[in-house]
Structure formats: C-alpha cells, structure tokens
Amino acid sequence: MINIVDNFEKIAQANASRIAIYDNGRSCSFEVLYDSALKLSLHINEMLAGGKCKIVGVLLPKSIESVLADLAILYSGNAYMNLDVNAPSKRTDAILEQTRPDLLIVAKGYALETDSPRIHLPETAPCILLPQEREQALGLRKDCVDADLACLINTSGSTGRPKAVALSHRGFLDFMHAVEAAGLMPEEAIIGSLSPIIFDIFSFELCMLAIRGSTLSLLQEKMAAFPIRLLQKMNETHVNFIFWVPTIMVNIANMNLLAKISLPDLQMVWFAGEVFPTAKFNYWKKYLPNVVFANFYGPIEITLDCLFYVVDRDLADDEPIPIGRPFKNTAILVLDGENQSICADSPNQEGELCVRGSSLAYGYYNDPQKTVLAFTQNPLNNSYPEVIYRTGDIVAWDRNGDLVFRGRKDTLIKRHGYRIELGEIEHAAIAIDGGVNNCCALYCPESQKIILAYESPKAIDERNFSKILSTILPRYMLPNEYRHLVEMPRNANGKIDRLKIHTLFAGERNS
C-alpha cells in the first residue's frame, strides 16, 4: 500500500450496506461514505486546481462529515489538518498563520481570520456518483507515493506558538503493519472513538476504517463527563475495541461503574497518552478479565506509538505499568548525558529515549528551527545521515527487559491525553495587559493540576485572569490555581528558579 485509502474501495464494495459510522443517532454505510468521499475529492481537486500534497484544514465537529472530509482529502492526493472547533479563535488563527493551509473545509457559522478558500460542508446525504466521476476521482492519486504527507497534527509549543507535526502515509502504514505483527489488531472491530479529531488516535481510527473496514462509533468528547452514558452508548453500538487516554478510565474506576454496567462486547483495550495508575488499571482488569489490555507509548512525532506492553501478568498497585518494547521495524536508543547507549543489561540506569525508523514524522511544518532540535543525527552513527527523534522522556530498563517511564527532562507534560508545553501557558500569561512581569507554570502529576506562579506588583483577580487566558488557550491548558509573587526567585545566573518555585507551590499540593 502507498496511500491510507488504497484499500478502501475494496472494503466499501465488500461491505456496501454495513454501517461504517455511528454518529449520535445517525449512521452512514460504507457505500455512502465511499461515494461521498470520491465526490468531495473531485470538488477539492477543482478548488486546488489539481494541486497535490497541499494542506487542507478541516474545521468541523467530530461527525460523519469530519470523517468524510479527511477521507476525501486523502483521495484527492492532499493532506488534512483537523482543527478544534472548541479552541479559542486566537489559537486557531495562530495555527492557520503558521501552517497557511491551501484550502479549508468548514461548517457554516465559523468565522476565521484567513483568506484561504473554503468549502462549506453540510450534513452528508446520499449522492449519485457517475461512472466517469468515479474513474476521475480514483485517478487523482496516480502520482502519489508513500512518502507523501497524510496529515498535520498540531501540538503545544514552548514559544507560545503551536507546532504542526508533519506525518506521512508511510508512517501510518508502518504502524498498522507493526500492530498486526504484534497480534494486536482486532478482527471486525467496532471502535469506541472517544478521542477528539485533533488527536493522532483519531487518525489511527480513520486508518482502521479505511484499511480494515472497522466501524467507528463516534463518542463525543463531552461524554467523558457522563461516564454512565458513555458505557451505555458503547453497549448500544456493540463496541469491542477502544483506544483511550487513561483519564476517563480512572474516572470510571473511581465511580465503580464497571460493577454496575457490564461491557460484554469489549475484547481489546489500548491505552496511551499518560501514566495509568496501576491500582485503577487493576480495577479494569478485575471486571474485564478476558479483555486484552495493552499499554502503548509514543509521542506524535513517531506516528502514533513505538513501544507496547501487553499486560499479561499481575501487577501490584504500586508497580508501574511498563511501556514495554519496540514494535517491529522500530528501533529505540536509550542515551545517557554523554550520548552513550544504555543497554537492557543495565537495569534502572536512566537515559533519554530516542527513536529511529520509518514511522518518524518529517518534523514541524514551516518550522525548520524546531525540527533540527528534535530530529537529529544519530550520535552512534557517523557514517551516513540517519535521523533519530529525541523524545525528551527519561526511561530505564527493568529486570524483565522492558522499559519503564520515569519522567521528563524539560517542561513538556501530558495531561488528560493532551501534550502541553508549560512555556505556552507562560507566554500567554505574560502577553496579557495586566501587569504580569514574569511567570512560571508548574504541573503536579499526582493531582493533575497546573499552577501558574506570576510576578506582578499586586495580585490579579483569579477569575478575571482565567477568563482572559481562556480567550487564548484551550480549556485543557488553563491553570487550576494562580499564585502571586511580588518577585520571582532567581538562581545565580539570574534565571527564574523553577525548582524553588516548585518547592514553594507544587510541593504543597502533593503533601
């Protein structure tokens, strides 16, 4: 396969009347989805004057229409970039300024500060696709290669500007082959799709639909606030596979919902994006003893995930769940401070996890400076160019030969599945006209709270502070608490002493 949608025609023909997408009371068959995607791909091709490998932004709610738009963009030989309809307009505008998409597909009613041409996509309806249109649409990808861009996924940036990670078709196909080789690909999957469309997990679910004919049961993100309804919805559509961030699974455990609502169809559970407390995982394992559970690890820059651990043994509540070993066709390096390799026969010795292989992203779109900092030459190879990605994550081998996550070496955090640069929060706060001279964002992993310590002559009303920040930052990045300092503590170099501030404020939240 060269392109994610190469197999979709065969899938649609073999499963014409079968449901491809469940969407809040609506549904769409494979035949309708396929024909609609081809029809829209012709419109996209016309709007782009036949251009290929262009960026098409998608500003639609998670729905049949957003899945359709992504598939149509891929059929047209271009790359999609899903945008968050709930994000503040300033953040969306910053993303559009950075990426400069060639075309936008939007729902009516969304105002954007950009002159990019756009397509307004209404709710899908059965369309008539003429034979000549089908032939023309299928020919749009004749010059495509597996190295072409598939999508851009935006993530938090330390300088206050989001970064757009550029992912290829080859990277997604490599990941699909890897999970198949690991025996972790479910048959006839009905996916409980809970991740927002801006997540890489959603893009993987799109691959599952297009490549393997999986059905997507779209679970809106807001349903996470109503876990009982979420589980009931899964049963209504017979969901047998989920790939979730642990936060919602922890909430379900805390509410003891699996003791009240059974999930008889569920066969396989993947989780990734943050640490899953083992005690809460053991709750799930207790009530779903026949389900296959797998812990996945990998930042967006690796195209989904590069390590996995199938939990096939009992774990004590205080024992961390390993992040495991690399997938097929992925190599990992654990490097110490001198760029020397730490091997599996040196258990508990910590180092930075680095990754090489076909799954690596190309870098950050329109941002070569950040790209060269993270995607670097392999220090263990001086003979030819070989790029590795430096994750910034600190890991160590355990005595079973599996990797265990130990923490970060910088200010990037994972919270509720979102990757957040604390520096972006700091930039937003300093930019406010309100007398903030300096600030320092801290994260408390135990409480999953963000604390913003800020320097100003006098304290700022917290509710007003939060309200202003909410116009710049998405909700998941907003601080939970604000701490006023007349003057920030500084170290001998004159820099803000983050450790001292952490001791002052973050430490008290964990005690």
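**Entry 1: the second largest cavity**

I found that Asp174, Phe175, Ala178, Thr303, Asp305, Phe327, Thr330 and Ser359 line the second largest cavity. On a 1 Å grid over the protein atoms alone, a cavity is a set of points where a 1.4 Å probe fits but cannot get out, and lining residues have an atom within 4 Å of a point. I noted that this is a predicted model, where local features need pLDDT of at least 70 and side-chain atom pairs count only at pLDDT 80 or more, while totals for chains, interfaces and linings use all residues. Residues are numbered from 1 along each chain as its sequence is written, and side-chain values use heavy atoms, with hydrogens and water left out.

The second largest cavity holds about 30 Å³ of space; a volume is the space filled by probe spheres set on the points, and grid points are joined across faces, edges and corners. Helix H6 (residues 169-181) gives the largest share of its lining, three residues. Helices (H or I, at least four residues) and strands (E, at least two) are DSSP runs, numbered from the N terminus. I sorted the lining of the second largest cavity into three nonpolar, three polar and two charged residues. Here Ala, Val, Leu, Ile, Met, Phe, Trp, Tyr, Cys and Pro count as nonpolar, Asp, Glu, Lys and Arg as charged, and the others, Gly among them, as polar.

**Entry 2: the largest cavity**

How many cavities of 30 Å³ or more does the structure hold? I counted two. The largest cavity has about 410 Å³ of space. It is lined by 29 residues, and the closest to its centre are Asn154, Ile198, Phe199, Ile300 and Gly417. Helix H4 (89-99), strand E7 (149-155), helix H7 (200-212) and strand E23 (418-421) are the elements that give two or more residues to this lining. By class, I listed 15 nonpolar, eight polar and six charged residues for the largest cavity.

**Entry 3: the second largest pocket**

A pocket is an open set of points with protein on both sides within 12 Å along at least five of seven lines. The second largest pocket has about 960 Å³ of space. Of its 33 lining residues, Pro196, Glu221, Lys222, Tyr418 and Arg475 are the closest to its centre. H9 provides the largest share of this lining, three residues.

**Entry 4: H9 and H10**

Next I followed H9 to a helix partner. Helix H9 (residues 246-254) packs with helix H10 (residues 278-287) at an angle of about 70°, and their axes are 9 Å apart. Axes are lines fitted to C-alpha atoms, for helices over the stretch in contact, and angles run from 0 to 180 degrees between N-to-C directions. H9 and H10 are therefore roughly perpendicular (65 to 115 degrees; under 35 is roughly parallel, over 145 roughly antiparallel, the rest oblique). Met249, Val250, Ile252, Ala253 and Asn254 of H9 are in contact with Lys280, Tyr283 and Trp284 of H10, where contact means heavy atoms within 4.5 Å. I sorted these residues into six nonpolar, one polar and one charged.

**Entry 5: H2 and H3**

Helix H2 (residues 30-47) and helix H3 (residues 64-75) pack at about 60°, with axes 8 Å apart, which makes H2 oblique to H3. Among the residues in this contact are Leu33 and Tyr34 of H2 and Leu68 and Ala69 of H3. I listed twelve nonpolar, two polar and no charged residues there.
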